[in-house]
Amino acid sequence: MFEMTQRLKQLPPYLFARIDQIKQEEVKKGRKLIALGIGDPDLPTPEFVIKRLEQAARNPENHQYPSYWGMLEFRRAAARFMDKRFGVKVNAETEVLSLIGSKEGIAHIPLAFVNPGEAVLVPDPGYPVYNSATLFADGIPIPFRLKPENSFLPDFADLERLVRTGPRVKLLFLNYPNNPTGAVATLDFFKEVVAFAKKHKIIVCHDNAYSELYFDGKAQPSFLEVPGAKDVGVEFHSLSKTFNMTGWRVGFVAGNSRVVEGLAKVKTNIDSGIFNACQEAGIEALDHYEPFCTELRAIYQKRRDILIPALRKAGLQCQNPEATFYVWCKLAAGLKSEDFVLDLIRTKGIVSTPGTGFGLGGEGFVRFTLCSDASVLKQVAQILTGSI
Ligand SMILES: Cc1ncc(COP(=O)(O)O)c(C=O)c1O
């Protein structure tokens, strides 16, 4: 009776329906499943952040509508973080905008810059919101492959071809450290991105949601560190994974003032900003990211070093991720991602995510997360290696 829009019908089918069904069947049989599918930190938000929220929540001034752009003090804290962590200078008033989680900004930005029929380059495999956000703006998502032989970085020859042969490309989404592959990028790579974007007048939207989850002491860069990056793009940041705050919905975008302004214009007409008390807590977090993040990284690194050898012993091909809490594994030739995931649930009670959940380029891969305690991962290792 109530027909849904073409916009919604264009979204890829919900891939997890079959997996959810098999999970339910197993649970009904009394099986306890181990969830290594979802990228949601199991650890709590740090106490110092919660304390600040408690205080801020009691201030009646914080109970009113927040400002659309976000509290200036929060945006200043974001600018301080960008400077201290990356040496990137941004103007808190014109080049930073608070976001209700980085997903919100990613989902809205095509509405500001993509006209119906214009195109957006989206990584494949990639975070699915780049694709759906483009479709919601009546834009055309053009996937580009991230291949293992290219360290899961885009091939610029591919990008050039896509720009030359398709509809006018307005935006390019990139994400390093990368979900789902765990790949990282260098400043040299970002320099090429800036040159490419300048040449074709494309806005770069770099998603740096995993900036602090790097391993082996190798801090990963910001796209904005490259000279000229601010002329062509913005970078999305999130407190979700950095401070175990996925439920709080706090993030920000920084970079090109015109792009930030366009996104702010969309937001002003759609939402009313982040609860001020959460922004105050966000200031506390951003101003004290160390030593907290160092401790957090040590926890994930320990987990990574338990899970990877077990996955390899179980016959999966995976590299040590240099960042993120994801482990991206290549399946034996001919094996389908979804079949593998369903089989692993049925035979071992372990839930992972099929690579196809991130686009066609994810076929033949599976993603595991490190969002479970080391003791659970040890149990997973025993199950996978057949020692229990
Ligand atoms: C690559 C990437 N970007 C952005 C997000 C959104 O994060 P949030 O909206 O919590 O800031 C996620 C969440 O999983 C993600 O994986």
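The model is predicted, so local features are reported only at pLDDT of at least 70 and side-chain atom pairs only at pLDDT 80 or more, while totals for chains, interfaces and linings use all residues. Residues are numbered from 1 along each chain as its sequence is written, and side-chain values use heavy atoms, with hydrogens and water left out.

**Stop 1: the ligand**

A polar side-chain atom of Tyr210 lies 2.6 Å from an oxygen atom of the ligand. In the side chain of Ser240, an N or O atom is 2.6 Å from a ligand oxygen atom. Ser102 contributes through its backbone, with an N or O atom 2.8 Å from an oxygen atom of the ligand. Taken alone, the ligand exposes 390 Å², of which the protein buries 92%; these areas come from the Shrake-Rupley method with a 1.4 Å probe, and for residues only the protein chains shown count as cover.

**Stop 2: helix H5**

Helices (H or I, at least four residues) and strands (E, at least two) are DSSP runs, numbered from the N terminus. At 1.5 Å a residue, the 12 residues of H5 should span 16 Å, and its end C-alpha atoms are 17 Å apart, which agrees; the expected span is 1.5 Å times one less than the number of residues. The buried residues of H5 are Ser102, Glu104, Gly105, Ile106, His108, Ile109, Pro110 and Phe113. Buried means under 20% relative accessible area, exposed over 50%, and partly exposed in between (1.4 Å probe, protein chains only).

**Stop 3: Thr242**

Move to Thr242, in the loop between strand S7 (233-238) and S8. Thr242 is buried, with a relative accessible area of 4%. The Thr242 side chain reaches the backbone oxygen of Ser238 at 3.3 Å. Leaving aside neighbours within four places in sequence, Thr242 is in contact (heavy atoms within 4.5 Å) with Ala209, Glu212, Phe292, Cys293 and Leu296.

In the loop between S7 and S8, select Arg249 as well. Arg249 has a positive phi of about 65 degrees although it is not a glycine, and at 29% relative accessibility it counts as partly exposed.

**Stop 4: helix H11**

The buried residues of H11 pack against helix H3 (47-57), helix H4 (72-86), strand S2 (96-99), strand S8 (251-255) and helix H12 (289-313).

**Stop 5: Val88**

Val88 is found in the loop between H4 and S2 and, at 4% relative accessibility, counts as buried. Not counting residues up to four places away in sequence, Val88 touches Ala79, Met82, Asp83, Ser222, Leu224 and Glu225.

**Stop 6: backbone features in loops**

Two cis peptide bonds can be inspected next.

- Asp124 to Pro125 is cis, with omega near 5 degrees; Pro125 lies in the loop between strand S3 (119-124) and helix H6 (129-136).
- Asn179 to Pro180 is cis, with omega near 15 degrees; Pro180 is in the loop between strand S5 (169-175) and helix H8 (187-200).

Then select Asp216, in the loop between strand S6 (203-207) and helix H9 (229-232). Asp216 has a positive phi of about 55 degrees although it is not a glycine.

**Stop 7: helix H14**

Finish at residues 374-384, helix H14, where Ala374, Leu377, Val380, Ala381, Ile383 and Leu384 are buried. Their cover includes strand S1 (34-35), H12, helix H13 (337-348) and strand S11 (350-351). Just after H14, Gly386 takes a positive phi of about 80 degrees.

Technical notes. A polar contact is a pair of N or O atoms within 3.5 Å; within protein, one must be able to donate a hydrogen and the other to accept it, and residues adjacent in sequence count only if both atoms are side-chain atoms.
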